[in-house]
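Thank you all for making time this morning.

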Amino acid sequence: MNRAVYQKALEKGSETVHRTRLMIVGQERVGKTSLMRSLVHERFNSEELSTEGITTDCTINISSAQSWHCKRGDSTSLSQHELMIGLERESQKGGPAHQPHSSSAASQNQATETQPRGTSRKSLIHDEVIEKVVSRKGDMKPTDVGPTLNIWDFAGQDLYYTTHQTFLSSRAIYLVVFNLSQDLDEPVTLPDNATCNDGSGGSVPYRKTPIQYLDFWMQSIFTYTKKNCSRKELKQNSPPIFIVGTHRNSVGQKDISEDQRKLLIQKIFDRLRDEIKDKPYYTHVVSKFHAIENSLEDNTKIQELRKHIEDVAVEEPYMGERIPLNWLIFDDEKEMLSCGKPIMTLKQVMDGFGIEDETELLTMLKFYHDLGNIIYFGGDSAKESQALRDVVILDPNWLIDSFKKILTVKPPKEQTAKYRKSWDRLKDKRILEDSLIDHMWQDIREHKQALLDLMDKFDLLCKRFEEPREEEKSSTASSTATQPRPTNASYYVPSMLRQQTSRSLQLETTENNSNVFYVDFKKFLPDGLYHRLVVRALRWSQDLGGAKSANPLLLCDQANFYVDDHHKFALQMVHQSNLAYIKVSVMRVEMYPPPRHVKAPSGDVTCKVKDFVEEHLQDLKTMWIKRINYCISVQCPDKKVFHFLPLNECMAKPTVVCVFETSHSVIKTYEIQAMFKEECYEEEASAPEPRLDDKTLAAVAKRLGAEDKQPFNDIHMREIANELGKNWEKLATYLHFTQDDTYKFVTNSQTGVDGAIFDMLTTWKQRFKGGEVMKMKKEMAEALESIDNYVLAEKARNY
Ligand SMILES: Nc1nc2c(ncn2[C@@H]2O[C@H](COP(=O)(O)OP(=O)(O)OP(=O)(O)O)[C@@H](O)[C@H]2O)c(=O)[nH]1
Ligand SMILES: [Mg+2]
């Protein structure tokens with residue numbers, strides 16, 4: 001936030017505000033909505049329906065336990081109290097705000113008295129708005145004093161996870177809910193449409209256990225929010241996380257005593273605590289866990305939870321902060337001014353509240369966006385589209401619902417026949433057609449561009465580039481006609497891949513001819529992040545010319561992309577019990593007829609892909625997923641157990657020490673480094689200077705014997721050795737040396753790499769008998785071809 005603008009706005013009149021948000025999150029069907037109802041004294045419903053999106057219409061006052069009664073739909077009550085106090089004070093001061101009880105005309109007069117004519121529109125608070133606020137003053141009850149909580153009840157279905165994460169705010173208190181009667185370690189059975197690959201290419205649906213859901217939500221809160229700073233010492237970091245178990249009375253057999261039940265619950269809590277005690281989010285978790293039975297009428301356990309939430313809420317660092325009065329009015333009256341519509345234009349905000357200083361207006365909108373009260377991405381006008389700049393979204397649920405309409409495939413019986421093909425294309429190819437968007441958003445067409453820009457910003461879709469059709473090519477004389485061009489016709493939507501069902505498609509990544517590296521997420525990799533990376537990879541791949549190639553293969557947790565005519569790369573999301581990572585494989589595309597030796601992918605291309613991944617992960621971390629922890633890694637060549645080595649370290653040193661579990665080993669990094677280095681055959685014209693010193697040559701000549709009349713005498717060897725450079729180890733592989741052999745050449749050499757190369761070539765030479773000249777030439781030439789050194793291969797044939 002722009003502090004200077006905020007300070008200036010405060011000077012015009014401000015009030016302290018005590019409010020926060022109570023976010024109820026967790027696994028599907030565990031009792032979140034029921035818990036909310038229990039908290040606000042509403043009756044338990046044994047047939048509670050699944051929540052869709054987020055329910056946000058319940059606001060409560062927490063000044064006394066009795067006041068946990070929900071004012072549904074009256075979100076304007078949020079700041080009534082602070083607002084009225086502020087207006088009173090300003091009117092007594094005769095300050096810039098208007099007299100609360102004055103009529104509109106009177107206010108206008110006052111404004112003209114204190115300001116030059118013609119500037120009354122610059123009044124800090126629009127008269128009509130004040131009129132309406134003031135007219136409600138009579139409705140305020142004494143209990144409306146004190147901190148308020150706006151409750152957000154999140155849907156638990158996985159379907160919403162990508163969009164939910166957009167609404168996780170630092171200025172909130174979280175209740176992470178689970179069902180005490182479910183075994184914490186037993187995988188949860190999901191509805192059919194939520195199945196997905198397990199990441200290892202198998203067909204077993206990946207099912208989380210309740211403990212993994214709890215971990216997922218707490219990790220999400222931790223990574224997507226930033227820590228609130230506090231001057232006083234808090235019992236837990238802010239934002240605080242409460243852990244709440246429901247279905248208390250279903251723990252154990254029906255007829256057990258209360259003491260026995262308490263013991264069982266304690267065991268569950270102990271197991272959970274043990275699981276999370278080393279997690280980074282643990283410092284945010286409130287020490288006491290709660291066990292609630294929602295089906296009981298108001299009970300002591302729920303009363304304890306209310307009290308505990310109150311105690312934590314009042315300690316939150318932002319409680320009692322000062323907010324400029326005109327900002328408060330915006331927050332309080334925005335729904336009224338938008339006439340109940342979920343969306344407002346920037347001009348409406350400007351006109352409605354008389355905030356004509358655009359910098360202040362944008363600062364205020366950014367402030368409320370950060371708080372999670374509105375959704376506004378226009379703050380950085382240089383970066384954002386006009387459509388995004390103009391739109392202020394007041395209702396997150398409206399946004400989620402709009403996204404959902406085009407990100408979920410309608411069941412066939414609900415589809416309009418005319419759009420059946422488009423639905424099929426969406427389902428099978430993850431391609432969303434513009435005509436389908438128009439159809440699904442027919443009621444909100446005027447917001448189409450802003451919504452699409454927002455989806456683009458959230459990386460929920462990627463505009464497809466298409467090759468111009470033949471007739472279009474011929475009709476355009478311009479040379480650019482053959483270039484792919486952007487079209488509004490369709491979009492890729494990988495984030496809906498959760499609904500993937502097709503198992504016939506599998507991504508091919510052959511380990512032998514791919515350069516593989518990993519992004520190790522230290523056990524936590526949100527699906528949303530993976531999908532965002534996929535969307536960004538789609539955009540990048542299209543820019544590189546991928547639009548000319550086939551549609552990328554997009555599976556639930558795997559996707560592959562064009563890089564250049566000879567290379568492609570794949571992203572694969574893997575969740576295993578103790579690991580969460582993205583595997584990145586850079587591959588050569590198939591060649592026909594196939595080459596005699598499989599070529600490794602280019603080091604330059606591998607580097608390019610690595611740079612892309614690094615750059616975008618950094619951007620996602622800065623912009624969205626603030627506390628995500630990851631490391632670009634490679635698989636440790638010590639393959640006893642799959643584990644990682646940090647790539648940076650491997651690139652910087654010839655050997656690294658790998659400490660894994662109870663043992664440690666020394667790892668030579670030349671093979672890892674080779675994956676990211678370009679081969680030198682392309683630099684033939686500027687071949688490196690001979691590196692072999694006279695001493696080495698003399699030693700080799702002595703070993704070979706001066707009279708050596710075979711092909712591959714010391715001059716030939718020198719020629720080969722000089723041109724090989726860093727590629728010599730690859731050549732050694734094609735000459736059938738093992739990694740161990742290569743390692744020995746290096747360690748036994750007195751003269752560094754040069755000596756090692758010579759030893760390798762000499763040893764190779766000694767494998768042949770006197771008459772095997774042709775065999776020798778052939779083997780060396782083919783090996784040199786395999787490392788793409790065709791010039792040297794040709795020479796080897798002619799030695
Ligand atoms: N016996 C018992 N039933 C409960 C309790 N809490 C919730 N239920 C029941 O469990 C089912 C799911 O409850 P909800 O409150 O809708 O669960 P939810 O987590 O909001 O579900 P989603 O919105 O789909 O994520 C409903 O049938 C509730 O009546 C509880 O403490 N005890
Ligand atoms: Mg619910």
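Helices and strands, for their part, are DSSP runs numbered from the N terminus, where a helix is H or I over at least four residues and a strand is E over at least two. What you are looking at is a predicted model, in which local features need pLDDT of at least 70 and side-chain atom pairs count only at pLDDT 80 or more, while totals for chains, interfaces and linings use all residues. Residues are numbered from 1 along each chain as its sequence is written, and chains are lettered from A and ligands numbered from 1 in the order in which they are written.

With those terms in hand, helix H17, residues 448–457, has Ala 450, Leu 451, Leu 452, Leu 454 and Met 455 buried. Among the elements that cover these buried residues are helix H13 (386–390), strand E11 (391–393) and helix H14 (396–407).

Stepping back to the whole chain, there are 29 helices and 22 strands, and buried residues make up 40% of the 799 residues. Two residues are taken to be in contact if their C-beta atoms, placed from the backbone, lie within 7 Å. Of the contacts between residues at least 6 apart in sequence, 70% join residues at least 24 apart.

Now to the interior. In soluble globular proteins, nonpolar side chains tend to be buried together. A nonpolar core here is a set of buried Ala, Val, Leu, Ile, Met, Phe, Trp, Tyr and Cys residues joined through C-beta atoms within 7 Å. The largest such core has 150 residues, and those with the most contacts inside it are Ile 24, Tyr 174, Leu 175, Val 176, Ile 241 and Val 392. Helix H7, residues 210–224, gives the largest share of this core, with eight residues. Leaving aside residues up to four places away in sequence, Leu 175 touches Leu 22, Met 23, Ile 24, Leu 35, Phe 242 and Val 244. A second, separate core has 23 residues, including Ala 732, Leu 735, Phe 758 and Met 780.

Next, the helix pairs. Axes are lines fitted to C-alpha atoms, for helices over the stretch in contact, and angles run from 0 to 180 degrees between N-to-C directions. Angles under 35 degrees count as roughly parallel, over 145 as roughly antiparallel, 65 to 115 as roughly perpendicular, and the rest as oblique.

Helix H24 (residues 714–724) and helix H27 (residues 752–765) pack at an angle of about 130 degrees, with their axes 10 Å apart, and they are therefore oblique to each other. Met 717, Ile 720, Ala 721 and Leu 724 of H24 meet Asp 754, Ile 757, Phe 758 and Leu 761 of H27. To sort such residues by class, Ala, Val, Leu, Ile, Met, Phe, Trp, Tyr, Cys and Pro count as nonpolar, Asp, Glu, Lys and Arg as charged, and the others, Gly among them, as polar. By that scheme, the contact of H24 with H27 has seven nonpolar residues, no polar and one charged.

Helix H1 (residues 3–11) and helix H12 (residues 358–371) pack at about 100 degrees with their axes 10 Å apart, so these two are roughly perpendicular to each other. Val 5, Tyr 6 and Ala 9 of H1 make this contact with Thr 359, Glu 360 and Thr 363 of H12, giving three nonpolar, two polar and one charged residues.

Finally, some backbone details. Most residues other than glycine have a negative phi, and most peptide bonds are trans. Which kind of peptide bond runs from Ser 238 to Pro 239, cis or trans? That bond is cis, with omega near 5 degrees, and Pro 239 sits in the loop between H7 and strand E7 (241–246).

Asp 459, in the loop between H17 and strand E13 (462–466), has a positive phi near 55 degrees, and with 23 C-beta neighbours inside 10 Å Asp 459 counts as buried. His 736 has a positive phi too, near 70 degrees, and lies in the loop between helix H25 (728–734) and helix H26 (739–748); with 11 C-beta neighbours inside 10 Å, His 736 counts as exposed.

Conventions: A residue is buried if 20 or more other C-beta atoms lie within 10 Å of its own, exposed if 12 or fewer, and partly exposed in between; C-beta atoms are placed from the backbone.
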